[in-house]
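Here is a short briefing on one structure. Look it over first, then read the points below.

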Amino acid sequence: MTVVPAQQTGGGGGSSGLYDVLELVLDRGLVIDAFIRVSLVGIEILKIDVRVVIASVDTYLRFAEACNRLDLEAGPKRSPGLPDLVGDITESGARGKSKGALSGAAETISDAFKQSREQSREEPREESRSESRPRARKSTTASRRKEEQE
Amino acid sequence: MSTYVYGITAGSHPALPDGMGGVGDPAQEVRVIKEGDLAAVVSDAPEGLRPKRRDLLAHQNVLAETGAGGPVLPMRFGSVSPDDAAVAGVLAERGDHFKERLRALAGKVEYNVKATHDEEAVLHRVMSENPEVRALTEANRAAGGGGYDDRLRLGEMVVAAVKNREAEDAAEIQQALEPAAAAVSAGPESTGWLANLSFLVDRESAETFIATVEEVRKGHPHLDLRVHGPLPPYSFVEPGPSEPAEPAETDN
């Protein structure tokens, strides 16, 4: 798989690169009815990463606060001013009074994902598989930190 | 001993990953079952196989290695056959179908694109597009943050605007990338991305596809785009669901 020099995989380190394709390995690909599949019970890996905006009172208040802190005169460029904002919003949104399908999803951590974090610490050499991206991944960093709290 | 199946490829595949490490701990040795013009890439199935990181990665690596040498139909993770004979039986019985898919996917790889908003940048964008939001923000700020109801009202307005942008950006990403791909397939849902799309791309035009992604990135500074590929065509093994796109002709 070296045909394309500009291959892009992975996030800001960690196992996020693999994580991003796990859903394809687990949820796509050929299924043949003559074969059995190993049990995927307990695998909620597709729903862990709650990063979309969730409508809830908690989210509203945090967005209002984010607007309050926003530098209104600055252009829409990235600045290091609010590094923790994304994580704060999504974490609280998922824990709070969120409505809809994403409610509580962040609490469900799969075997596979725990495993992936543990092993990514044990096997740092595997990290070299994923190239680091030029831009920082604020939200990934934040959500990973959340996972480590649990 | 049951048999773990990684993928199906042509028997004439020039570089089958014989002897590579597969799923299990210790890793089971990858071998090949040939039947007619087809070959299945398999290993012994380890006892108590679970979708652990090591095993998912092994599955992906065996398929990546196979795919580097020629077209492969990737199995979904965890496909186990009672024995080798049953694998050969499936190859014989459904050979025509597999061969058709291998022809259709020859020279093509999957690129998965996921997008999220950069929070601060999207707030700036919402602010500039929506004078009401900006006015309320400034009023709240002048009032030392504003009262509870004011903050709630602002937050609700902002969340609605951000959600609108999520939907618009998702559509724009697909629209921009589709012409550079042979087919597109929506990724698994509920993953927390504003867009999660897989594109079937000719190896030959992969650089064009990547360049198009870069253009989208430049044109949408409030988006975080993550591109993964080239991957085995997980999302395109079954005919049907993917919409044919215009063939890629030039850049864009």
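The buried residues of helix 2 (residues 84-93) of chain B are V87(B), V90(B) and L91(B). Seen down the helix axis, these buried residues fall within an arc of 100°, so they line one face of helix 2 of chain B. This is a predicted model, in which local features need pLDDT of at least 70, side-chain atom pairs count only at pLDDT 80 or more, and totals for chains, interfaces and linings use all residues. Residues are numbered from 1 along each chain as its sequence is written, while chains are lettered from A and ligands numbered from 1 in the order in which they are written.

**Terms for burial and elements**

- A residue is buried if 20 or more other C-beta atoms lie within 10 Å of its own, exposed if 12 or fewer, and partly exposed in between, with C-beta atoms placed from the backbone.
- Helices (H or I, at least four residues) and strands (E, at least two) are DSSP runs, numbered from the N terminus.
- The arc is that of the directions from the helix axis to the C-beta atoms.

**Helix 2 of chain B**

- The face turned away from the buried side of helix 2 of chain B carries the exposed residues A85(B), A92(B) and E93(B).
- The cover over the buried residues of helix 2 of chain B includes strand 1 (3-10), strand 2 (31-35), strand 3 (38-44), strand 5 (79-81) and helix 3 (95-105) of chain B.
- Contact here means that the C-beta atoms of two residues, placed from the backbone, lie within 7 Å.

**G95(B), in helix 3 of chain B**

- G95(B) has its place in helix 3 of chain B.
- G95(B) counts as partly exposed because it has 15 C-beta neighbours inside 10 Å.
- Not counting residues up to four places away in sequence, G95(B) touches G36(B) and L38(B).
- G95(B) and D37(B) are 58 residues apart along the chain, yet their C-alpha atoms are separated by 8.1 Å.

**Helices 6 and 7 of chain B**

- Helix 6 (residues 148-177) and helix 7 (residues 206-219) of chain B pack at an angle of about 145°, with their axes 10 Å apart.
- Axes are lines fitted to C-alpha atoms, for helices over the stretch in contact, and angles run from 0 to 180 degrees between N-to-C directions.
- I173(B), A176(B) and L177(B) in helix 6 of chain B meet T212(B), V213(B) and V216(B) in helix 7 of chain B.
- The residues of this contact divide into five nonpolar, one polar and no charged.
- Ala, Val, Leu, Ile, Met, Phe, Trp, Tyr, Cys and Pro count as nonpolar, Asp, Glu, Lys and Arg as charged, and the others, Gly among them, as polar.
- I210(B) is also found in helix 7 of chain B.
- I210(B) is buried, with 20 other C-beta atoms within 10 Å.
- The C-alpha atoms of I210(B) and Y6(B) are separated by 28 Å, and the two residues are 204 residues apart along the chain.

**Nonpolar cores**

- A nonpolar core is a set of buried Ala, Val, Leu, Ile, Met, Phe, Trp, Tyr and Cys residues joined through C-beta atoms within 7 Å.
- The largest core has 67 residues, and those with the most contacts inside it are A40(B), V113(B), A181(B), F199(B), V201(B) and F209(B).
- Helix 1 (residues 16-27) of chain A gives the largest share of this core, six residues.
- A second, separate core has 16 residues, among them C67(A), L123(B), V126(B) and V159(B).

**Chain A**

- Chain A has five helices and one strand.
- From the N terminus on, its elements run α-β-α-α-α-α.
- Of the 150 residues in chain A, 41% are buried.
- Among contacts in chain A with a separation of 6 or more, 82% are between residues 24 or more positions apart.
- A64(A) is found in helix 2 (residues 57-69) of chain A.
- A64(A) is buried, with 26 other C-beta atoms within 10 Å.
- Leaving aside neighbours within four places in sequence, A64(A) is in contact with N140(B), R151(B), L154(B) and G155(B).

**Cis peptide bonds in chain B**

- Most peptide bonds are trans.
- A cis peptide bond joins D25(B) and P26(B), with omega about 5°.
- P26(B) lies in the loop between strand 1 and strand 2 of chain B.
- The bond from G229(B) to P230(B) is also cis, with omega near 0°.
- P230(B) lies in strand 9 (residues 223-231) of chain B.
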